[in-house]
Amino acid sequence: MKHAMENKKKMSWTMMLAVCTALATALAGCSGSSAGTTNPTEEKPNDAAAPADATTPAAPGDAEPELEPVELTWYYPQNQAHIDQAVVNEAVNKITKEKINATIKLMPIDFGTYEQKLNTIVASNEAIDIIWTSGWLFSFANNQRKGVFQPLDDLLKEHGQKLYDSMEEKFWNDAKIDGQIYAVPNYQISANRAGLVLQKRFVDKYNLDLSTIKKIDDIEPFLKQIKENEPGIVPFGTTRGFYTPFIYGIDAKVRVYKNDPTHTVLPEVTKEMRENFKLVHSWYSQGLINEDAATLKSAADAYNKGNTAVWFDFTGKPGSEVEFSAAIGGEEVVLHPLAKAVFTGAGSTMNAISRTSKNPERAMMFLELVNTDKELYNTLVYGIEGKHYEKTTGNFIKTNPESGYFTNTDWVFGNIRNEYLPEGAPADKLEQTAAINAEAEVSPYNGFVFNTDPVKTETANVKAVNDEYYAALASGTLDPEEYLPIYEEKLEKAGTEVIRAETQKQLNEWLAANGKK
C-alpha cells in the first residue's frame, strides 16, 4: 500500500485526510472501529511481523472435498486496464478451482470511476461477492452503515481462522463497526512516514543535502533551482494538494492535537491548514507547481510523465522507490521522510463480502487463500511467470510494465508479506514493513470511528462546499487571502460546526466507554 501508491490518494475534514492519503496511493487509512471489540476466536492472533505461511499454501477446500463449484465476483480498483486481464484471470482460476472449487470473475475498475460505479452496482442489489473498500475510496464506514457488507466474525472463525491469526488485533480494529468485523484488512504498510519523493538525478546534480530538509518549507530553494535551470521540468507535482495534519502535530486518527488532555476536536479549518494553503499558493504563483494540480484525478498523474522533480508521498512505505521509478519511466528516486512513523491503521485497503453474496462461505475461503497462498497472490499482483515477469535470484523478480499485465498495486489484493520483490526493492522490504508497523506511534484514539448518521445532511452539504473549494485552495490555485474566508463561511453555513460538535460527543462517549477519560 500498500503501500501505497500508491498509495496509494472535497469532503469533511476526516474524509479530506483520507483523500490525501489516497492521492499518494500509499495509503494510510482513516477508518477505525467504534467502542468495543469482539474476537472471532478466543485464541490470541500472532504478531503481525510473523509472515503468512507462503511455502505451504492454505487449502480450505481440503477439509471439504465435496464443495460444489461456484463462481465469485470481485470488484477492486486499478490504475489502468490490462490487455492480458483475461489470461491472468484464467491462471487465477486454475489455482482457486483446485483449492476451493471456485472460479473468480475479476472485475477491476479504474480508480477515477471506482466509487461512482460501485455505488451504482450496490444500489441495484446485484448479486456480487467481494468488494474492495477503504477509508478514502468507497468508504468502508459509510457503506457498512448502509448495509452493503456482511459481518465476518463467524465466517472468519469457520473458514478463515488462519487469515485472522495472521494479523494483530490492532489491524482488525479498522475493520470493525460496533464491535463486529465487516472486512479483511490487506496487510501492508499501515503506518505513515509522510515526506518527499525526489528524482535522484536532480538531487545529485544540485548537491541537495537532504539532512537540511526538516519540514516541507525547506524544499523551496531547491524547487527554485529546478525552475531556473531545468526547462520542461515541473519543480513540484501535486494533485488537489498535500495537506497532512499529523506532520503538523495533529493526531492521525482524530482531529485533536497530540497529547491534548482535553481531547478537543479542532475546527475543520485549522491554523495549520491555513499555513499550508498560504505556502502552496506562494509556490503556485511562482510557477513551482503544475498548473493542473486542482483538476488531476490521480496522484500518479502529477508525476508519471517523468518530468516532475519532487512530489509529496503520504505513506513512505519501504520499497516504494521501485514503484515510483517504474511509474516515471525508470529514473531513480529517493524518499525523504518529514515525520516519524505513525500507525494509521489498516483502513486504507480492505476487502469485504457483499450482503448480496450467494456464497459468503466460499468468498471467505477465497479471501483466506489470497492472503496465505503465495502463488495466487503473486499471480494477481504480477501475472504469469515467463510472460509478465521473470524470476531472478532469491525472492526477486524482474517485471515488465509493457507486458500486458502490470498492476503496481500489490496492496489492493492481500497480504504483501507473500509477494515477490521487484528488482531494486530493498532485500529486507517485508521486514522493514513489519518493523514500521510494529514500532509506529499508535493513536490513543485507535478504534474510534465517527458515525455520520446523525449529521447526514450536514456531511453532504460540507462535501459540496469542499468539492467546490478545497482542491483549488489546497493546490494553491486560489489565493487564500481572498477565498479562504469565503470557504470557511460556506463551511459554517453547511454545518461544519454541527459535525464538529457531534464528533466531540461521540468521541467523549467512546473515551468514557474505553476508560480513557
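Lys 429 is buried, at 2% relative accessible area (buried: under 20%; exposed: over 50%; partly exposed: in between; 1.4 Å probe, protein chains only). The model is predicted: local features need pLDDT of at least 70, side-chain atom pairs count only at pLDDT 80 or more, and totals for chains, interfaces and linings use all residues. Residues are numbered from 1 along each chain as its sequence is written, and side-chain values use heavy atoms, with hydrogens and water left out.

Lys 429 forms a salt bridge with Glu 419, at 2.6 Å from N to O (salt bridge: a side-chain nitrogen of Lys or Arg within 4 Å of a carboxyl oxygen of Asp or Glu). Glu 419 lies in the loop between β15 and β16 (421-422), and Lys 429 in helix α14 (residues 429-439), ten residues apart (helices: DSSP runs of H or I, at least four residues; strands: runs of E, at least two; both numbered from the N terminus). Glu 419 is also buried, at 0% relative accessibility. Asp 410 joins Glu 419 and Lys 429 in a network of salt bridges.

The salt-bridge count comes to 20. Another of these pairs is Lys 253 with Asp 174, at 3.1 Å from N to O. Lys 253 sits in the loop between β9 (234-237) and α10 (271-285), and Asp 174 in the loop between α7 (169-172) and β4, so the pair ties together parts 79 residues apart in sequence. Lys 253 is buried at 8% relative accessibility. Asp 174 is buried at 0%.

Arg 145 pairs with Asp 178, the closest N and O atoms being 3.2 Å apart. Arg 145 is partly exposed, at 25% relative accessible area. Asp 178 is exposed, at 53%.

The second largest pocket has a volume of about 300 Å³. A pocket is an open set of points on a 1 Å grid over the protein atoms alone, where a 1.4 Å probe fits, with protein on both sides within 12 Å along at least five of seven lines; lining residues have an atom within 4 Å of a point. Volume is the space filled by probe spheres set on the points, which are joined across faces, edges and corners. The lining comprises 22 residues, with Val 322, Ala 326, Thr 399, Phe 406 and Pro 422 nearest the centre. Elements giving two or more residues are α11 (320-327), α13 (374-382) and β15 (396-399). The largest share, four residues, comes from α11. By class, the lining has nine nonpolar, seven polar and six charged residues (nonpolar: Ala, Val, Leu, Ile, Met, Phe, Trp, Tyr, Cys and Pro; charged: Asp, Glu, Lys and Arg; polar: the others, Gly among them).
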